[in-house]
Amino acid sequence: MRSSNQRYTFILLCPICYRKEKITVYRSEIEANEDKLKTVLIVHRDVNPPHEIKITIDQNGNIRSIHTKILDRLEVTPMKYSVALKIFPIVINSEAIKSTKDPFAKRILELSDGFHTIDDIAKELNVTRYEVINKIGELRREGKIDLTYTLYLSSEEVSL
Ligand SMILES: [Zn+2]
């Protein structure tokens, strides 16, 4: 029996403003469409220039296409994209952020919002990946952090 609530989750890095969005689609809603594809529209209206991203996902959870559009323009830009499984640390209990005295550990906990990869955190804090992994290991043993594996979707303009 196939689970009817199977879902596909991606963290998308907006190629225009670099904001991250979480996209979740259920297999059942993709299958409900005649072409077995689901298009997700994300609109970033509060940035300059306002823009939207259109992502098409098939019933197997594969990305079929990504397009971007600047809202006041007509043309739609196809993007090339890559999908990679990445580790996203997530703080288990936000109280842990307050009670943590070590400033480095505190910053890691603050950035462990499910939208920052280990590399993102290292970059943000201007430290090595190794230092972040080490501290995350400690925080994990203290029961403050959990690690989730999520597909990370990044894209860039197709160069001609
Ligand atoms: Zn954006």
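Me: What pattern does the chain follow, read along the sequence?
Reply: In this predicted model, the order of elements is β-β-α-β-β-β-β-α-α-α-α-β. That pattern comprises five helices and seven strands.

Me: How is the chain divided into domains?
Reply: The domain assignment gives domain 1 as 7-84 + 152-157 and domain 2 as 89-147. Taken over C-alpha atoms, the centres of domain 1 and domain 2 are separated by 28 Å.

Me: And what box do the C-alpha atoms fill?
Reply: Along the principal axes, the box is roughly 50 × 45 × 25 Å.

Me: What share of the residues is buried?
Reply: Of the 160 residues in the chain, 19% are buried. As for contacts with a separation of 6 or more, 49% of them come from residues 24 or more positions apart.

Me: Which residues make up the largest nonpolar core?
Reply: This core has 11 residues: Phe10, Ile11, Leu12, Ile30, Ile53, Ile55, Ile57, Ile66, Phe88, Tyr152 and Leu153. At least two of its residues are supplied by each of S1, S4 and strand S7 (145-157).

Me: What does Phe10 touch?
Reply: Leaving aside residues up to four places away in sequence, Phe10 touches Ile23, Leu151 and Leu153.

Me: Which residues does the second core include?
Reply: The second core is separate and has nine residues, among them Leu109, Ile118, Ile121 and Ile136.

Me: Turning to the helices, how do H3 and H5 cross?
Reply: The axes of H3 (residues 103-111) and H5 (residues 129-141) come within 10 Å and cross at roughly 85°. An angle of 65 to 115 degrees counts as roughly perpendicular, and H3 and H5 are therefore roughly perpendicular to each other.

Me: Which residues meet there?
Reply: From H3, Phe104, Ala105, Ile108 and Leu109 meet Val132, Lys135, Ile136 and Leu139 of H5. By class, this contact of H3 with H5 has seven nonpolar residues, one charged residue and no polar residues.

Me: Where is Lys144 found, and is that residue buried or exposed?
Reply: Lys144 is in the loop between H5 and S7. Lys144 counts as buried because 22 C-beta neighbours lie inside 10 Å, and the cut-off for a buried residue is 20 or more.

Me: What does Lys144 touch?
Reply: Lys144 touches Val91, Ile92, Ala96, Leu109 and Leu139, with residues up to four places away in sequence not counted. Lys144 and Asn93 are 51 residues apart in sequence, and their C-alpha atoms are 6.5 Å apart in space.

Me: Now the backbone. Which residues does a cis peptide bond join?
Reply: The cis peptide bond joins Asn48 and Pro49, with omega about -5°. Pro49 lies in the loop between strand S3 (37-44) and strand S4 (51-58).

Me: What is phi of Tyr18?
Reply: Phi of Tyr18 is near 65°, a positive value in a residue other than glycine. Tyr18 lies in the loop between strand S1 (7-13) and strand S2 (20-26).

Me: Is Tyr18 buried or exposed?
Reply: Tyr18 is exposed, as 9 other C-beta atoms lie within 10 Å, and a residue with 12 or fewer counts as exposed.

Me: What about phi of Asn126?
Reply: Asn126 has a positive phi of about 55°, although this residue is not a glycine. Asn126 sits in the loop between helix H4 (118-125) and H5. With 6 C-beta neighbours inside 10 Å, Asn126 counts as exposed.

Definitions and conventions. Residues numbered from 1 in each chain as written. Predicted model: local features only at pLDDT ≥ 70, side-chain atom pairs only at ≥ 80, totals over all residues. Axes fitted to C-alpha atoms, helices over the stretch in contact; angles between N-to-C directions. Helix = DSSP H or I, 4+ residues; strand = E, 2+ residues; numbered from the N terminus. Parallel < 35°, antiparallel > 145°, perpendicular 65-115°, else oblique. Contact = placed C-beta atoms within 7 Å. Nonpolar A, V, L, I, M, F, W, Y, C, P; charged D, E, K, R; others polar. Domains from an automatic or database assignment. Core = buried A, V, L, I, M, F, W, Y, C linked by C-beta atoms within 7 Å.
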